[in-house]
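Take a look first, then follow the solutions step by step.

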Amino acid sequence: MAMSSPRRIPEATVARLPVYQRILLELVRAGARTVSSDQLADMARVNASKVRKDLSFLGSFGTRGSGYEADFLLAQIDRELGLDRDWPVTVVGLGNLGRALANSPGFSSRGFRVASLFDVDPTLVDSRIRGVVVHHLDEYETVTSSDPPAIGVIATPASAAQSVADRMVRSGVGSLLNFAPRVLNVPAHVLLRYVDLSIELQVLSFYLSHGDHPGTQAASSPLPHALGLTPAEPG
């Protein structure tokens, strides 16, 4: 039986685990029973030795010559990523982007659950998205007290993002996903990730204009890490 490794998993490996998870999920759904490191490497666009090194952080399993049992490996990655748990998500800011996020299947499967929605627009308050009522932001503390969110998603205008982050942190949210085009200040214990589509487009335009390519390894996001997070480890 596989045992979890006590070693800290490098951030570069953590960033690749969801890619392996998605590939394995598709393979299992297609009826695959085993998968090799070469097959995973080809589909994830990394080299096979890196796949084997990444998976070694999860435990000692896999058989030389026959690869990994696909559904077992998927379960191990799910467990390591915390997808076998319930993660309530709150979304603040329900403009076009916020509504799209709240409607996303990614927030309604494999551990994630949209628990609460907030906006300040009176035309949106009391409406429903996937059955979840949109509340006014003034009700944030009251609404979230009955189902405290683990993850806060910020999809507000830049001018409101910091105050929303402060409010979430005060209420106990430990992880923030920020879509607003603003760098936020949060305490050291809060995990903060940025998603800025304009920056991602600029990175793509850089490689297009220079006729260059970042290579087969997954490129890390140029977005800044949150204050208090440790620097990325070498991949």
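**Exercise 1.** Which exposed residues does the face of helix 2 turned away from its buried side carry?

*Solution.* A note before we start: this is a predicted model, where local features need pLDDT of at least 70, side-chain atom pairs count only at pLDDT 80 or more, and totals for chains, interfaces and linings use all residues. Residues are numbered from 1 along each chain as its sequence is written, and side-chain values use heavy atoms, leaving out hydrogens and water.

Step 1. Buried means under 20% relative accessible area, exposed over 50%, and partly exposed in between (1.4 Å probe, protein chains only). Helices (H or I, at least four residues) and strands (E, at least two) are DSSP runs, numbered from the N terminus.

Step 2. In helix 2 (residues 37–44), Ser37, Leu40, Ala41 and Ala44 are buried. They lie on the same side of helix 2 because they cover an arc of only 100° around the axis, taken from the directions from the helix axis to the C-beta atoms.

Step 3. The face turned away from that buried side carries exposed Asp38 and Asp42.

**Exercise 2.** Find what the buried residues of helix 2 pack against.

*Solution.* Using contact (heavy atoms within 4.5 Å), the partners are helix 1 (11–29), strand 1 (34–35), helix 3 (48–56), strand 2 (68–69) and helix 4 (70–81).

**Exercise 3.** Which residues does leucine 55 touch, not counting residues up to four places away in sequence?

*Solution.* Leucine 55 touches Tyr20, Leu40, Phe61, Tyr68, Leu73 and Ile77.
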